[in-house]
Amino acid sequence: MSCHAPGPGGLPGPDDARRGGGRADLRDPATVLLVGNPNVGKSTLFNSLTGARQQVTNAPGTTVELQVGVWRQGGGADPVRLIDLPGTYSLLARSPDERVTADAVAGASRLGRADLAVVLVEAAGLARSLYLLAQVAQTGCPLVVALTMADVAASRGIPVDADRLAEVLGVPVVAVDPRTGAGIPELARTVEAALSAGPGSVVGIEAVADAADADGADLAAGLAQAETLFGWVDEVTQQLATPEPRARTASDRVDGVLLRPWVGVPVFLAVAWLLFQLATSLAAPLMDAVSAFVSGPVTDLARVLIPGPAWLEGFVVDGLLQGVGTVLSFAPLMAVMFLAIALLEDCGYLARAAFVADRAMRALGLDGRAVLPLVVGFGCNLPALAATRTLPHARQRLLTGLLVPYASCTARLTVYLLLASIFFPGHAGTAVFLMYVASVALIVLGGLALRRTAFRDLEQEPFVLVLPAYQRPRVRALLLSAWLRTRAFVTKAGRVIVATLAVVWVLLAVPVTGGHAVADVPVQDSLYGSAAQAIAPALAPAGFGEWHSAAALVTGFVAKEVVVGSFAQTYAVDEPSDPSQAGDLGAQMRATFEETSGGHAAAAAAAFMVFVLAYTPCVATLAEQKRLFGGRWTIGAMVVQLAVAWVLAVAVFQVGRLL
């Protein structure tokens with residue numbers, strides 16, 4: 001039984017003539033799978049082997065994120081197509097991620113034909129890793145073993161000898177350190193030899209037909225198979241004569257304090273606050289600098305170089321370049337957040353944070369790792385979506401990604417401050433505070449609603465988490481990880497952002513009444529203004545059914561912070577430098593809201609703030625959602641968010657005007 005399947009779209013699969021141990025056509029790249037438990041260094045090894053020659057993609061027909069890259073082994077060896085499979089403790093799949101791994105190993109998926117599996121075995125968690133290795137061997141998939149964390153095991157007094165392990169298992173074993181690169185040349189030679197001549201079979205394990213589908217068998221058969229594998233693991237560990245662990249390690253002593261609630265919770269809150277600051281303060285100067293560079297020297301150069309009519313210059317400068325500038329200005333924020341998350345993950349703290357926060361997230365059907373992206377979302381929804389990659393399963397990542405937009409980002413804060421200063425001058429702080437309370441309530445209620453509808457299949461499982469040893473992060477690996485993920489955002493989500501902003505420019509530039517030239521038209525006389533006027537009646541039940549408000553909300557779809565600027569533009573006044581000091585803009589907005597609400601301006605303003613909180617996030621966030629979860633989920637979420645925002649705004653106004 002071999003582990004193979006057709007190649008996925010865009011990633012040519014090896015020739016089907018390859019069978020058994022050898023390869024019939026060396027011109028085609030071999031496909032090698034990386035298989036292992038979570039936190040054994042699998043992704044770090046993948047980054048070391050492929051460098052920048054990789055891409056993030058979804059397994060065919062799923063939302064499970066995979067990394068696929070090219071491993072150039074050097075020394076005249078042929079390149080290898082390397083697939084980093086989701087980490088799992090077992091091939092008895094209970095989640096979409098585990099199913100992708102199990103099917104890929106067994107050759108039952110459309111992921112791509114596999115010629116070999118490199119199974120990562122953690123020296124410090126040998127029994128756990130050997131159980132997974134035995135399941136891989138049962139599928140008949142050829143394999144070699146990469147022994148990781150040998151230094152950690154040695155420091156705990158339980159050294160594992162790679163040569164002795166290879167002798168016991170009957171397959172090649174290479175000790176590697178993915179963080180330093182030690183052992184990688186030997187691993188390359190071993191993989192090339194295994195691809196050419198075949199790696200042999202694991203001693204004591206026989207291939208079983210449909211081994212990866214054992215979760216569908218009866219309970220007695222499943223228990224019997226597990227008993228057999230555990231017995232084999234015991235025999236292997238006894239032959240290795242592994243000594244008992246020594247006294248508690250430094251990681252154990254730190255965890256003895258850090259995992260206590262009275263210490264762990266304040267430390268977690270401090271880390272969450274730091275991430276919030278990174279998303280709002282540290283990255284802000286970098287974003288401003290990039291935006292200023294694009295809107296300054298780059299724009300000036302474009303105006304000089306672009307010939308032809310004024311509308312062409314406007315489209316390139318105010319349409320395309322503004323879109324490019326938006327993408328590039330978000331890039332530093334994404335890079336900083338990716339780097340921070342990779343740092344927490346690499347040093348070992350992220351697993352502890354998940355443990356501390358787990359109880360609070362149980363009600364939503366999520367584990368503790370979900371709290372991190374939700375907290376980051378109050379700084380900015382965009383990096384919060386990036387933080388969902390820390391969650392172990394695709395369905396959990398999707399559920400969390402759908403809740404993130406309800407976290408009130410700082411861009412919404414400028415709108416709250418403007419409305420609160422105009423309509424609640426004596427209680428502006430309280431009004432803004434209540435918006436954040438409402439945001440938390442929306443996250444909780446939205447999570448409960450999703451768990452009872454679209455995510456009924458998300459089972460409440462015990463939280464099983466192996467705490468990795470604390471380690472010193474490797475700068476090169478961190479920078480490479482941040483670079484690859486930032487590049488994926490710029491190249492994939494960036495296309496959606498640029499295209500959307502170009503369409504917005506066209507709507508603003510095309511007049512619908514006579515007497516105006518293209519790209520020189522007042523907002524109310526443009527296609528954009530006409531669309532706002534068409535939308536306005538639908539907002540009347542919420543108390544702000546007027547085109548100025550509708551235009552501001554449509555602009556907020558692009559970016560929430562420009563809602564204030566849209567009001568200023570449509571009212572033909574200067575945008576206030578401080579949203580809490582509205583000036584002339586405040587007087588005109590108050591007059592409009594008084595008219596549209598029938599004299600209940602405060603209730604209408606509260607409804608407008610609630611609408612801004614709940615409706616569709618900015619286009620950059622939508623583009624990232626589409627990249628991570630696909631267009632169907634993104635569009636569906638947009639429809640639900642608009643419906644929720646409208647219902648809540650109408651309810652707030654209709655109740656508020658009676659008070």
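This text goes through the predicted model from the whole protein down to a few residues. Local features need pLDDT of at least 70 and side-chain atom pairs count only at pLDDT 80 or more, while totals for chains, interfaces and linings use all residues. Residues are numbered from 1 along each chain as its sequence is written, and side-chain values use heavy atoms, with hydrogens and water left out.

The protein has 24 helices and seven strands; these are DSSP runs, with helices being H or I of at least four residues and strands E of at least two, numbered from the N terminus. Of the 659 residues in the protein, 53% are buried, where buried means under 20% relative accessible area (1.4 Å probe, protein chains only). Among contacts with a separation of 6 or more, 74% are between residues 24 or more positions apart; a contact means heavy atoms within 4.5 Å.

L478 gives a local example. It lies in helix α17, which covers residues 475-509, and is buried, with a relative accessible area of 10%. Leaving out residues up to four places away in sequence, L478 touches L339, A342, L343, D346 and P473. L478 and I341 are 137 residues apart in sequence, yet their C-alpha atoms are 9.4 Å apart in space.

The cysteines come next. A search of the whole structure finds zero disulfides, a disulfide being a pair of cysteine sulfur atoms within 2.5 Å. For C409, the closest cysteine sulfur is in C380, 6.2 Å from its own sulfur and therefore too far for a bond. C409 is buried, with a relative accessible area of 10%, and C347 is also buried, at 18%.

Methods:
Buried means under 20% relative accessible area, exposed over 50%, partly exposed in between (1.4 Å probe, protein chains only).
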